[in-house]
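Take a walk through this structure, one region at a time. Keep the sequence and the 3D view side by side.

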Amino acid sequence: MAQIIIKNLRKDFGDFTAVQESSFTIEDGEFFMLLGPSGCGKTTTLRMIAGLELPTSGEVFIDGEEVSQKPARERDIAFVFQMFALYPHMNVRNNISYPLKSQGMPKAQIKQKVAEVARILGIEDILGKPVGGLSGGDRQRVALGRAIVREPKAFMMDEPLGALDAEFREHMAEELRALHDRMGATTVYVTHDQLEAMQMGDKIVVMNHGVVEQFGVPQEIYDWPATMFVADFIGSPSMNFLHFQGDVAKGDSTVHLDGHSFYVPEQLQGASGDLVFGIRPENVSFSDSAPYRALVVASEYLGTTQIVTLDTPNGTIKARIPSDRPVKAGDAVGLTFNPRNVTLFDKGTGKALL
Ligand code: ATP
């Protein structure tokens, strides 16, 4: 079990900076997600925590001890890769027990530990089987078994479910999370899949171009994105951006969009310049009498809800509304936005004004 502190961590490859000064804390026992698009520096960050890559500058602390320049073998961290590399010529039992054998653990103790891990993972009945013929899920379980059997301080997982098909992936994600909840070991998990991060993570770091854009619990990141990048990356469909130039007068508590006024929360009052009004699709509602008018472009049926694409005076947006509201392309509708769910961004910096 371990708390992991990252302080101003940076990695340069030649004159390319893969990770810029990054700081965050992973609490003991947390399931922690490193999320972002391909090439944003997630894997490099994970490798620096594990000791597979040494930082150019900055520090990594594991359980209060500075390990920044220590090699991986001195950090007591287990790494689970996407391509679960198992030893193909060995059976399941030997694959799992291998790390203990190489530590020189007595046979009786190894037997007991493997039995315990097999029970946790529900793979007791395949211990004698060769790994070659196993299904993807069982291979994944064996790889996890090999990682957890030596009871490391923390687990590093780099897109461990990336190679699985969608349905099975969801099942394994649930299993992995349940396993974590039973074992309570600190886990750092890399993914580019925002849904996976939101569903599985206790906390999320969102990275882009080597920079930590935001760090927090999933709901905070969804409801209060710190930047336009986060607002766009998280959520499906993503947050709508309505661009406008103007002032949000102090004390007036309204924002003026194309001549129409919307209430804005007190903390956003006083903003001015090139502003972006951010609203999630589920916080856009239809109201026949609302003065802010839009034209329906298309509607996509999703069961209980539908996603409606709309042309507004400030750009194209999407609304998620109940399916029982009849809508068709060409309809003129009035829109209202729930003021509690508006995020205002500065267009120049891309940062939320809060
Ligand atoms: P992906 O999901 O595609 O793996 P990522 O967010 O994990 O992306 P990293 O693998 O950390 O990204 O890579 C970040 C950037 O650093 C990329 O542009 C990558 O090409 C570069 N990079 C990573 N390792 C090296 C290396 N050893 N030498 C040079 N550049 C590297």
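**Strands, ligand and domains**

Strand β16 (residues 293–301) and strand β19 (residues 332–337) run antiparallel and are joined by three bridges. Strands here are DSSP runs (E, at least two residues), numbered from the N terminus, and helices are DSSP runs too (H or I, at least four residues). Two strands count as paired if DSSP finds at least two bridges between them.

This is a predicted model, in which local features need pLDDT of at least 70 and side-chain atom pairs count only at pLDDT 80 or more, while totals for chains, interfaces and linings use all residues. Residue numbers start from 1 along each chain as its sequence is written.

Stay with β16. Its arginine 293 stands opposite glycine 334 in β19. β16 also pairs with strand β17 (residues 305–312). Six bridges join these two, and they run antiparallel. Alanine 298 has threonine 309 of β17 as its bridge partner. Between β16 and β17 lies a hairpin with three residues between the strands. There, glycine 303 takes a positive phi near 95°.

Now turn to another set of strands. Strands of a sheet pair through backbone hydrogen bonds, either parallel or antiparallel. An open sheet of six strands shows mixed pairing, in the order β6-β7-β8-β3-β9-β10. What stands at the edges of this sheet? They are β6 (77–80) and β10 (211–216). Each has a single partner strand, so one side of each is left without a neighbour in the sheet. From one strand to the next, the twist averages 15°. Axes are lines fitted to C-alpha atoms, and angles run from 0 to 180 degrees between N-to-C directions.

The partner of β10 is worth a look. Strand β9 (residues 203–208) is joined to β10 by five bridges, and the two run antiparallel. Asparagine 208 has valine 211 in β10 as its bridge partner.

Next comes the ligand. Among the residues that surround the ligand are Phe13, Phe16, Gly41, Lys42, Thr43 and His192. A residue is near a molecule if its C-beta atom, placed from the backbone, lies within 6 Å of it. β2 (16–26) and α1 (42–50) each supply at least two residues of this shell. α1 gives the most, with three residues. By class, the shell has four nonpolar, seven polar and one charged residues. Ala, Val, Leu, Ile, Met, Phe, Trp, Tyr, Cys and Pro count as nonpolar, Asp, Glu, Lys and Arg as charged, and the others, Gly among them, as polar.

Last, step back to the domains. The domain assignment gives domain 1 (4–229) and domain 2 (237–346). Such bounds come from an automatic or database assignment. The centres of domain 1 and domain 2, taken over C-alpha atoms, are separated by 39 Å.
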